[in-house]
Amino acid sequence: MTKVRTVNQTAIDEAAALLKAGAVVAFPTETVYGLGANGLDRDAVLGIFAAKGRPADNPLIQHVADPTGLDALVHTVPPAARALAEAFWPGPLTLVLPARDLVPLEARGGLPTVGVRCPAHPWARRLIAACGFPIAAPSANRSGRPSPTTAQAVLEDMDGRIPLILDGGPCAVGLESTVVGFPDGMPVVLRPGGVTPAQIEAVAGAVRVDDAVLHQLAEGAVAASPGMKYRHYAPQARVTVVDGPMEGKTRRICALYDAALTAGGNPAILAASANAGRYGSRAVYSMGQDDADQAAALFETLRRLDTDGRTDAFAEALEPSGLGLAVMNRLLRAAGFRILHGEDAP
Ligand code: TXA
Ligand code: MG
């Protein structure tokens, strides 16, 4: 049985005791819920891979209680990385840097580098501090499922697999952290998230966004970040993203929805709340007003598609800038990169 405890000091003490004994515990961060274990203990780390059903070559992020925890885990910090840590930690940013030997190879999927993040969530930081070691944690979903942004969503995926879930309510950001690597000293966004490329550029002077963020990796290509090669965030429904100017996009989505319905399906539309009225009596899941709302709502919306038994979902594309880049990255992965254009003939 998996216990769910509202996060408070007593629950933190209980979680820390479990983590010190080598167990796996789910905890809230400001991005998504994490599935944590002692990041320096290889057996504890293997417990995460087992609970999640995660491929062994997909590395975990190490979470530190305080920004100063970075240097204990990595042996080289380029000035751009240092500046980003100073500007955005604690926060939704993960820095990928050359690992020290104490970080088990199992935790980094065999790579020479390690991803490190100091989360902003006060209870997450208290938990790490109470443990006295970094907590390795991927998102607390079963592999291939949307990341959980509520304790209930964690329970759906992890019931019976871990002893404890700390419930800190819904996650404020709702998408995972921005993952940044420094292959030549300059920042490269491997996964977009709460910290945008523009914010990174303002601090580090330059930034590149890896091709795999918005494009499918070519057959046989090596991913800069192993997570990029896996189908992700996928509900049971077949998701299609539709882009283009508003009018054509709306018309195309309506045509696709109607065709799915005629074929005996149970379709839904994912739309910005301002556009919800454009789809008449069709089933619309309103994703909120701006890209921050849409980021916060996306994973719960993808999970709702399953709960409601939807067979198809047609999603409006977002402008891939600011937080919209992170939302589009997740949507495209949920869609297996199936994208249609509004101006195409239906
Ligand atoms: O917000 C988040 O980042 C959440 C919370 C719990 O911190 N964690 C999270 O972890 O999303 P996970 O494991 O679901 O995703 C981590 C991503 C994966 O795509 C992984 O491939 C990449 O970061 N990553 C981790 N370490 C890496 C490394 N050394 N080199 C390249 N990519 C790395
Ligand atoms: Mg994940």
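Ligand 1 is surrounded by 25 residues, and the closest are T31, N58, H63, S177 and G227. A residue joins this shell if one of its heavy atoms lies within 4 Å of the ligand. The model is predicted: local features need pLDDT of at least 70, side-chain atom pairs count only at pLDDT 80 or more, and totals for chains, interfaces and linings use all residues. Residues are numbered from 1 along each chain as its sequence is written, chains are lettered from A and ligands numbered from 1 in the order in which they are written, and side-chain values use heavy atoms, with hydrogens and water left out.

**Ligand 1: polar contacts and cover**

- A polar side-chain atom of H63 lies 2.6 Å from an oxygen atom of ligand 1.
- The side chain of R54 places an N or O atom 2.8 Å from a ligand oxygen.
- For the side chain of S139, the distance from an N or O atom to a ligand oxygen is 2.9 Å.
- On its own, ligand 1 has 680 Å² of accessible area, and the protein covers 98% of it. Areas come from the Shrake-Rupley method with a 1.4 Å probe.

A polar contact is a pair of N or O atoms within 3.5 Å; within protein, one must be able to donate a hydrogen and the other to accept it, and residues adjacent in sequence count only if both atoms are side-chain atoms.

**Ligand 1: make-up of the shell**

- Two elements give two or more residues to the shell: β4 (61-63) and β6 (113-117).
- β6 gives the most, with four residues.
- Helices (H or I, at least four residues) and strands (E, at least two) are DSSP runs, numbered from the N terminus.
- By residue class, the shell has eleven nonpolar, ten polar and four charged members.
- Ala, Val, Leu, Ile, Met, Phe, Trp, Tyr, Cys and Pro count as nonpolar, Asp, Glu, Lys and Arg as charged, and the others, Gly among them, as polar.

**Helix α6**

- α6 spans residues 197-204, and P197, I200 and A204 in this helix are buried. Buried means under 20% relative accessible area, exposed over 50%, partly exposed in between (1.4 Å probe, protein chains only).
- Just after the helix, G205 takes a positive phi of about 90°.

**P187**

- P187 sits in the loop between β9 and β10.
- P187 counts as buried, at 1% relative accessibility.
- Leaving aside neighbours within four places in sequence, its contacts include I200, A204, A80 and L84. Contact means heavy atoms within 4.5 Å.
- P187 and G322 are 135 residues apart in sequence and 17 Å apart in space, C-alpha to C-alpha.

- N38 belongs to strand β3 (residues 34-38).
- N38 has 12% relative accessibility and therefore counts as buried.
- The N38 side chain reaches the backbone nitrogen of L40 at 2.9 Å.
- Not counting residues up to four places away in sequence, N38 touches L19, A44, V45, F133 and P134.
- H121 is in the loop between β6 and α4 (122-131).
- H121 also counts as buried, at 14% relative accessibility.
- Beyond neighbours within four places in sequence, H121 is in contact with P28, T29, E30 and G168.
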